[in-house]
Amino acid sequence: MIAGYSGADLAIALINVLLLGLLFVVGVAIARMRSLFAIVMLSGIYSLISATWFVALDAVDVAFTEAAVGAGISTALLLGAMLLTARTAKPEKGAMQIVPILVVLATGAMLVYATIDLPAFGDPDSPANTYVGTDYLERTPKEIAVPNIVTAVLASYRGFDTLGETGVVFTAALAVILLLGFGERSLSATFNRKKDKQ
């Protein structure tokens, strides 16, 4: 039976591995499917699993953003865009099937290469653990009393900046909705297409 501090660490590690495994499986399924509706639904599931993983990492604020934007707004906008497009993606032929995996491998190699110069995880002398970061760590329990420092910074110390970001996301979503023509125009176009098929 898992008990004690080391047992808790083992349980958290297993949860992280399970969630990352689910993300991998869903990602592969998205890459192999041709049905756009299934791809949109799996993309929403991918975002929800990502949000769960962020919660397991104690990044509740990032999890909330991922759930709201990734699983909520993005899924709704993609479903709306599907009203104006075909329901299935065209299969790639020949060498074009290899190009996406080459791009992914090249990007992954560049990201791994970029991490070589990063400080070690938990390094007390890293820039994240020095300078203004230590000031936030010392002041947050007394001034705000929020256990998650990142949430305290985003919701309180940088509250106006977060409000501005929320306004930008809302404006972008509204612009996309207007461009897609939701409402009476899209509904009438859908009905006209159905009449033409009959």
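Reader: What percentage of the residues in the protein chain is buried?
Author: Buried means under 20% relative accessible area, exposed means over 50%, and partly exposed lies in between (1.4 Å probe, protein chains only). Of the 198 residues in the protein chain, 17% are buried. Please note that this is a predicted model, in which local features need pLDDT of at least 70 and side-chain atom pairs count only at pLDDT 80 or more, while totals for chains, interfaces and linings use all residues. Residues are numbered from 1 along each chain as its sequence is written, and side-chain values use heavy atoms, with hydrogens and water left out.

Reader: How many helices and strands does the protein chain have?
Author: Helices (H or I, at least four residues) and strands (E, at least two) are DSSP runs, numbered from the N terminus. The protein chain has eight helices and zero strands. Its pattern along the sequence is α-α-α-α-α-α-α-α.

Reader: How many salt bridges are there?
Author: Side chains of opposite charge can pair when their charged atoms come close. A salt bridge is counted when a side-chain nitrogen of Lys or Arg is within 4 Å of a carboxyl oxygen of Asp or Glu. By this rule there are two salt bridges. One joins the side chains of Arg 139 and Asp 135 (3.1 Å, N to O), and another joins those of Glu 143 and Arg 139 (3.1 Å, N to O).

Reader: Where do Glu 143 and Arg 139 lie?
Author: Both lie in helix 5, four residues apart, about one turn of the helix. Arg 139 and Asp 135 are likewise separated by about one helical turn, because they are four residues apart in helix 5 (residues 132-143). Arg 139 is partly exposed, at 30% relative accessible area. Asp 135 is partly exposed at 31%, and Glu 143 is partly exposed at 48%.

Reader: Which residues make a nonpolar surface patch?
Author: Patches are made of residues with over 30% relative accessible area and no salt bridge; like charges are joined within 9 Å, and nonpolar side chains (Val, Leu, Ile, Met, Phe, Trp, Tyr) within 5 Å. Accessible areas come from the Shrake-Rupley method with a 1.4 Å probe, and for residues only the protein chains shown count as cover. Here Ile 98, Ile 101, Leu 102, Val 104 and Leu 105 make a nonpolar patch of about 490 Å². Leu 105 belongs to helix 4 (residues 99-114) and is exposed, with a relative accessible area of 56%.

Reader: Which residue is 99 residues from Leu 77 along the chain, with C-alpha atoms separated by 7.5 Å?
Author: That residue is Val 176. Val 176 is found in helix 7 and is partly exposed, with a relative accessible area of 32%.
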